[in-house]
Amino acid sequence: MRLKRRALDQLLQGRHAHKGGRTLAQRARNLTTIATAYSWDELLAERGIGHVTALEVERWLALNGLHLRQAGPGPFRQG
C-alpha cells in the first residue's frame with residue numbers, strides 16, 4: 001500500500017517533519033519515523049488531514065508493523 005499524495009505532503013511538511021531530516025529527500029527516506037511521531041489527535045490537527053487520510057496513514061503504518069504514538073481512538077492503534 002502506498003500513501004496518497006495528500007498524506008505524503010502533510011507528513012513531509014507537518015509538525016514532526018523535522019524528525020526525518022532537513023531535506024525533502026531525507027524526510028522521504030525517513031517517512032515512517034515522521035509518521036510514528038504523530039498521535040491520532042495530532043494527525044487530525046494537521047491542515048488537510050481528515051479522518052480518511054488519518055486512517056490511511058494508520059493502515060500504512062500497521063502494514064509496516066508500526067503504529068501512531070499512543071493516544072487517541074484510531075481503530076488500528078496497537079497497544
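Student: Looking at contacts between residues at least 6 apart in sequence, what share joins residues at least 24 apart?

Tutor: That share is 52% here, with contact meaning heavy atoms within 4.5 Å. Keep in mind that the model is predicted: local features need pLDDT of at least 70, side-chain atom pairs need pLDDT 80 or more, and totals for chains, interfaces and linings take in all residues. Numbering starts from 1 along each chain as its sequence is written, and side-chain values use heavy atoms, leaving out hydrogens and water.

Student: Why are H1 and H5 called roughly perpendicular?

Tutor: Check the angle: the axes of H1 (residues 5-13) and H5 (residues 51-63) cross at roughly 80 degrees and come within 10 Å. Roughly perpendicular covers 65 to 115 degrees (under 35 is roughly parallel, over 145 roughly antiparallel, the rest oblique). The H1 and H5 pair therefore gets that label.

Student: Which residues make the contact between H1 and H5?

Tutor: H1 brings Arg6, Ala7 and Leu11, while H5 brings Thr53, Glu56 and Val57. By type, the contact has 3 nonpolar, 1 polar and 2 charged residues.

Student: What does Glu46 touch?

Tutor: Setting aside neighbours within four places in sequence, Glu46 is in contact with Gln10, Gly14, Arg15 and Tyr38. With the side chain of Tyr38, the side chain of Glu46 makes a polar contact at 2.8 Å.

Student: How do you know whether Arg2 is buried or exposed?

Tutor: The relative accessible area of Arg2 is 76%, so Arg2 is exposed. Arg2 sits in the segment before H1. The C-alpha atoms of Arg2 and Val57 are 9.4 Å apart, though 55 residues separate the two along the chain.

Student: And how much of the protein counts as buried?

Tutor: Of its 79 residues, 39% do.

Conventions:
Axes are lines fitted to C-alpha atoms, for helices over the stretch in contact, and angles run from 0 to 180 degrees between N-to-C directions. Helices (H or I, at least four residues) and strands (E, at least two) are DSSP runs, numbered from the N terminus. Ala, Val, Leu, Ile, Met, Phe, Trp, Tyr, Cys and Pro count as nonpolar, Asp, Glu, Lys and Arg as charged, and the others, Gly among them, as polar. Buried means under 20% relative accessible area, exposed over 50%, partly exposed in between (1.4 Å probe, protein chains only). A polar contact is a pair of N or O atoms within 3.5 Å; within protein, one must be able to donate a hydrogen and the other to accept it, and residues adjacent in sequence count only if both atoms are side-chain atoms.
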